Amino acid sequence: MEYTPQDEILIEEKWQELAEACKTNKVCRRDGDWDFIKRAFFLAKEAHKGVRRRSGEPYIIHPLEVALIAVREIGLGKKSVVAALLHDVVEDTEYTVEDIARLFTPKIASMVDGLTKMSGVFNADSSEQAESFRKVLLTLSDDVRVIIIKIADRLHNMRTLGSMPHNKQVKITSETIYLFVPLAYRLGLHAIKSELENLCMMYRFPEEYKEIQRKIDETEPERQQYIERFMAPIREVLDRNNFQYEMTARVKSIYSIWNKMRRKEIPFEEVYDLFAIRIVFKALPFPSEKTQCWQIYSCVTDIYTPKPDRLRDWISIPKSNGYEALHSTVMGPDGIWVEVQVRTERMDDIAERGFAAHWKYKHSSIAQEEDGLDKWLRKVREALSSPTESAKEFLDNFKLSLYKTDVVAFTPKGEPQTLPYGATALDFAYEIHTKIGDHAIGAKINHKIMPVTTVINSGDQIEIITAESARPKAEWLDAVATSKARQAIQDFLKREREDNIEYGMQLLNASLAEHNVTLSGRVLRKLMPAYECRNKDELYSKIGAGIIKLDNLDKLLKENSSRKILKFWKLLLPGMSNSEPEDLDVDLEDELTTLDDTVVSEEGSIRYEPEFVMAECCEPIPGDNVVGYRDPITNRIMVHKATCNELVRLAAQSGNNIVKEEIRWSQQKAISYLATVEIRGIDRPGIILDLTKVITADFSINMRAISVQSHDGIFEGTISLYVKDIVSLNALLDNIRSVKGIEHIRRLLND
């Protein structure tokens, strides 16, 4: 299908836009550079000739847009522009990587190959997807530009997501929030990170997005008046001190506002830090940039009183993504706290453009020491070389490594270690060396002995106490925040479990031989429920670890435990028929080997059909915005709240299992759903009685559990209730708020 004259005009306009961007950003520095880019454009245009995107526009517009983002919004160079223009050629046309190497260069071919492989990552099933992502990240150790171009590709896809069906939107936005947003953050692409978050919210929660946007627009005139009042005296003092600067006000992103409203359970009107003041100045050759930043900070705090616990010095110790700035919160007019950010032009360039700007300044400076971003890239390379970790474990652990790192602790010799917020002494131990982590039994934090699971703070000095006999424990996985620690613990536990399985199998075989019994499927089906094990590996592992003793093996083998076995397997495999066959052992074996995605026939034969199950991770109730995820093993459709973090993880890793149809609550069944609410208030005699009266008498709602503690005249706790839907729950919460003494009540979201 040929392009129309209108299509050609659109393509030419976009091409000229790219040409102007390349000129403005000085992409072409040598003779022949522009011809190199032109060759890539014409090849891509010819390769994608006649092809259209789902939105209807010519396909070539997409690589042009990706190249524009790479140049204009990130600041990448010539090779990146060429790779962006060609990034879909190998995947979607008959051109090969070898063709690209012959027509351009081996480096361009390598970048296009990495981009082609990455495109396949999010179209595979979960295990293939995770394994592909791991392979793709190998390109990160070779050329970070591949990942950056892929982020630009995702940004343009998100900008045009409106043409996709609902289930694809859920899949793509989940992938974006789960991996692309943290990647953009880690690579310092702040502006792109914020836009990706906003776009995800706009497609997943359009009503909430529009409402916050409306309120921001409505409060704009009043906010601008306040900002001018706040900035006027600062301008006066900075002008008097001859600083060359630009001062602006930045409103928080819609996604950030929404996230804060959800996290703190507050309305828009109570989000007081809607904006921040940013001062970007031209640094002089002398004194140092750091000194000049503190001089401006001093000018601001001479006018407005700072909040001591809200000073953030990311100049002395920059963030691991290269971010540098001074942040301070000061008390402005009318008793309003305002955040002020101070940066040099260089710092601002790195903050907005990320890795590309970071690399530009790094190579233009004399100092070549390894900084935070270099250290992170080195850690990724180390993680990629791990031979023991499964692909899914790697994907989850890699996600952990993308979180912000803003805690700096010190060894006894004063060497700094940068760790994620929420890291423990155990993370610190593994950061020093895997062997130290594996044998850790405690820590001296600021010379005081503490458990290894203690959360550390910036400035802590830590000495790890070890013992040769100590070993990692499974519960340690809940106490670490770094991917390095988690990976090391998982590796040890996996090796230990494999050893236990092998030893346990030997012990079981030997014990069975003493009773002249051979290990078989029938024997295992008797032993697993008797020892409450869900699979044979768990049985072997527990035997090998000494958790299961085989002293009563003879009795179990002789015992007719058929009904107990059937009950166990019914619990394990939802959907099994309720009838109990006469020849229980034989029919049970048949049942356990004929699981499929069928339905229960009129004759009552055992077949299976998908069923809806409320996800325990987020406990949705009627009225919540929900999404369905088909469990690939049981075929059940797990119903998650649309905001559920576990849903985001599942959709990112196994997006093809998202149910295509939008799930709506049925009004047919009078079913009760569990909801948990948090309460807090001023204690008084009879308040619990009044509370339970409103719940049980006025609303006829059953309580599953109530837990309340009182201290210093204040009570707080939780109540688990069975409610019909979100409307009845909200009505109940409104009535509870009217009870004397109740200061706060909210539903625990479990997202």
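Reader: Which residue does R684 form a salt bridge with, and how far apart are the closest N and O atoms?
Author: In this predicted model, R684 forms a salt bridge with D690, and the closest N and O atoms are 2.9 Å apart.

Reader: Is R684 buried or partly exposed? And what about D690?
Author: R684 counts as partly exposed, because its relative accessibility is 22%. D690 also counts as partly exposed, at 31% relative accessibility.

Reader: How many salt bridges does a search of the whole structure find?
Author: The search finds 33 salt bridges. One of the pairs is E175 with R154, where the closest N and O atoms are 2.9 Å apart. E175 lies in helix α10 and R154 in helix α9 (residues 145-159), so this pair ties together parts that are 21 residues apart in sequence.

Reader: Are E175 and R154 buried or exposed?
Author: E175 is buried, and R154 is buried as well.

Reader: What about D273, which residue does its side chain meet in a salt bridge?
Author: The side chain of D273 meets that of K260, at 2.8 Å from N to O. D273 lies in the loop between α14 (254-264) and β2 (275-281), whereas K260 is in helix α14, so the pair ties together parts that are 13 residues apart in sequence.

Reader: Why does K260 count as buried?
Author: K260 counts as buried because its relative accessibility is 14%, and the cut-off for buried is under 20%.

Reader: Which residues are linked in a network of salt bridges?
Author: The network links E211, R214, K215, E218 and E269.

Reader: Changing topic: where does T173 lie, and is T173 buried or exposed?
Author: T173 lies in helix α10, which covers residues 166-186. T173 is buried, with a relative accessible area of 2%.

Reader: Which backbone oxygen lies 2.6 Å from a polar atom of the T173 side chain?
Author: That is the backbone oxygen of Q169. The backbone oxygen of V170 lies 3.2 Å from a polar atom of the T173 side chain.

Reader: And what does T173 touch, not counting residues up to four places away in sequence?
Author: With those residues set aside, T173 touches M158, L161, C200, Y203 and R204.

Reader: What does V170 touch, with that same exclusion of residues up to four places away?
Author: On that basis, V170 touches R204, V627, A651 and I658. V170 is placed in helix α10 and is buried, with a relative accessible area of 0%.

Reader: How many residues apart along the chain are V170 and V659?
Author: V170 and V659 are 489 residues apart along the chain, while their C-alpha atoms are separated by 9.5 Å.

Definitions and conventions. Residues numbered from 1 in each chain as written. Predicted model: local features only at pLDDT ≥ 70, side-chain atom pairs only at ≥ 80, totals over all residues. Heavy atoms only, no water. Helix = DSSP H or I, 4+ residues; strand = E, 2+ residues; numbered from the N terminus. Buried < 20%, exposed > 50% of the residue type's maximum accessible area, 1.4 Å probe, protein only. Polar contact = N/O pair within 3.5 Å; in protein donor to acceptor, adjacent residues only side chain to side chain. Contact = heavy atoms within 4.5 Å. Salt bridge = Lys/Arg side-chain N within 4 Å of Asp/Glu carboxyl O.
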